[in-house]
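Subject: Structure handover

Hi,

Please take over the structure below. My findings follow it.

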Amino acid sequence: MNGNINYKFWTTCMIKDKNRVLLLNRQHDALKGYIPPGGKVEFPESFVDGAIREVREETGLAVRNLVYKGLYEFVNEEKSDRYIIFNYITEDFSGELLENPPEGEPTWIQIDKAMQLPMQVATKLSFPYLFEEGTFEMQIYWDIEQNQEGKVTVKRT
């Protein structure tokens with residue numbers, strides 16, 4: 001491994017309304033599945049500001065009072081990549097959903113039914129932790145040969 005590590009930062013923000021959450025039905029590239037709104041943090045914005053901006057861009061909703069729930073990261077040792085995703089949740093939102101959203105159709109899903117939907121591996125693994133007390137850290141090593149998620153470790157923090 002070389003000394004240059006490629007760091008990239010993303011956020012997600014789960015929007016909760018009583019017993020349901022807002023998920024995007026993302027179908028436009030290789031990262032298909034139901035996901036919470038979120039995206040890349042733009043330098044030099046804060047992680048919370050990035051999450052708020054991404055929710056607005058992807059759903060049209062304005063979110064406030066985000067609660068940090070934890071992070072997951074993808075580690076690709078061969079490429080020296082480390083992609084870190086900060087996860088938030090909120091029940092404080094306003095506005096109307098976009099009619100033509102850029103990342104996928106926003107859909108309100110019952111929390112107890114969400115895990116039955118097709119999701120990206122990291123979304124499915126982290127989903128239950130968003131609704132529990134405390135925070136979590138998940139590390140996912142990328143399996144180069146299989147070109148997919150490999151070893152996963154989860155720690156409650």
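One definition first, for the element names used in this email. Helices (H or I, at least four residues) and strands (E, at least two) are DSSP runs, numbered from the N terminus. Please also note that this is a predicted model.

Side chains of opposite charge can pair when their charged atoms come close. Here a pair counts when a side-chain nitrogen of Lys or Arg is within 4 Å of a carboxyl oxygen of Asp or Glu. Glu42, Glu45, Arg53, Glu54 and Glu57 are linked in a network of such bridges.

- Glu45 to Arg53: 2.6 Å, N to O.
- Glu54 to Arg53: the closest N and O atoms are 3.1 Å apart.
- Glu57 to Arg53: 3.2 Å, N to O.

How far apart along helix H1 are Glu57 and Arg53? They are four residues apart in H1, so about one helical turn separates them.

Is Arg53 buried or exposed? The cut-off for buried is under 20% relative accessible area. Arg53 has 9%, so it is buried. Glu54 is buried as well, like Arg53. Glu45 is partly exposed, because its relative accessible area is 22%. Glu57 has a relative accessible area of 39%, so this residue is also partly exposed.

**Backbone**

Most residues other than glycine have a negative phi, and most peptide bonds are trans.

Start with Phe43 and Pro44. The peptide bond from Phe43 to Pro44 is cis, with omega near 5°. Pro44 sits in the loop between S4 and H1.

Next is Lys18. Its phi is near 60°, a positive value in a residue other than glycine. Lys18 is in the loop between S1 and S2. At 66% relative accessibility, Lys18 counts as exposed.

Then Ser80. This residue is not a glycine, yet its phi is positive, at about 55°. Ser80 belongs to the loop between S6 and S7. Is Ser80 buried or exposed? Its relative accessible area is 4%, so Ser80 is buried.

**The largest pocket**

Rolling a probe the size of a water molecule over the atoms shows where empty space is left. How much space lies in the largest pocket? It holds about 900 Å³. The lining has 34 residues, and the closest to the pocket centre are Trp10, Leu31, Phe74, Ile85 and Gln120.

By class, 16 lining residues are nonpolar, eight are polar and ten are charged.

Which elements supply at least two residues of the lining? Among them are these strands: S1 (6–17), S2 (20–26), S4 (38–40), S6 (67–76) and S7 (81–90).

**A nonpolar patch on the surface**

Val121, Leu125, Val152 and Val154 form a nonpolar patch on the surface. Together they have about 250 Å² of accessible area. H3 and strand S11 (148–156) each give two or more residues to the patch.

Val152 lies in S11. Its relative accessibility is 33%, so Val152 counts as partly exposed.

**Two pairs across the sequence**

Arg26 is in strand S2. At 12% relative accessibility, Arg26 counts as buried. Which distance in space goes with its 79-residue separation from Glu105? Arg26 and Glu105 are 7.1 Å apart, C-alpha to C-alpha.

Leu98 is in the loop between strand S8 (92–94) and strand S9 (105–110). Leu98 counts as partly exposed, because its relative accessibility is 31%. Leu98 and Leu22 are 76 residues apart in sequence and 13 Å apart in space, C-alpha to C-alpha.

**Where to look first**

Open the Arg53 network, with Glu42, Glu45, Glu54 and Glu57. Go on to the cis bond from Phe43 to Pro44. Then turn to the largest pocket, with about 900 Å³ of space.

Best wishes

Terms used: Residues numbered from 1 in each chain as written. Predicted model: local features only at pLDDT ≥ 70, side-chain atom pairs only at ≥ 80, totals over all residues. Heavy atoms only, no water. 1 Å grid on protein atoms, 1.4 Å probe; cavity = no way out; pocket = protein on both sides within 12 Å on 5 of 7 lines; lining within 4 Å. Points joined across faces, edges and corners; volume = space filled by probe spheres on them. Nonpolar A, V, L, I, M, F, W, Y, C, P; charged D, E, K, R; others polar. Patch = residues over 30% accessible without salt bridge, like charges linked within 9 Å, V, L, I, M, F, W, Y side chains within 5 Å. Areas by Shrake-Rupley, 256 points an atom, 1.4 Å probe, with all protein chains shown as cover. Buried < 20%, exposed > 50% of the residue type's maximum accessible area, 1.4 Å probe, protein only.
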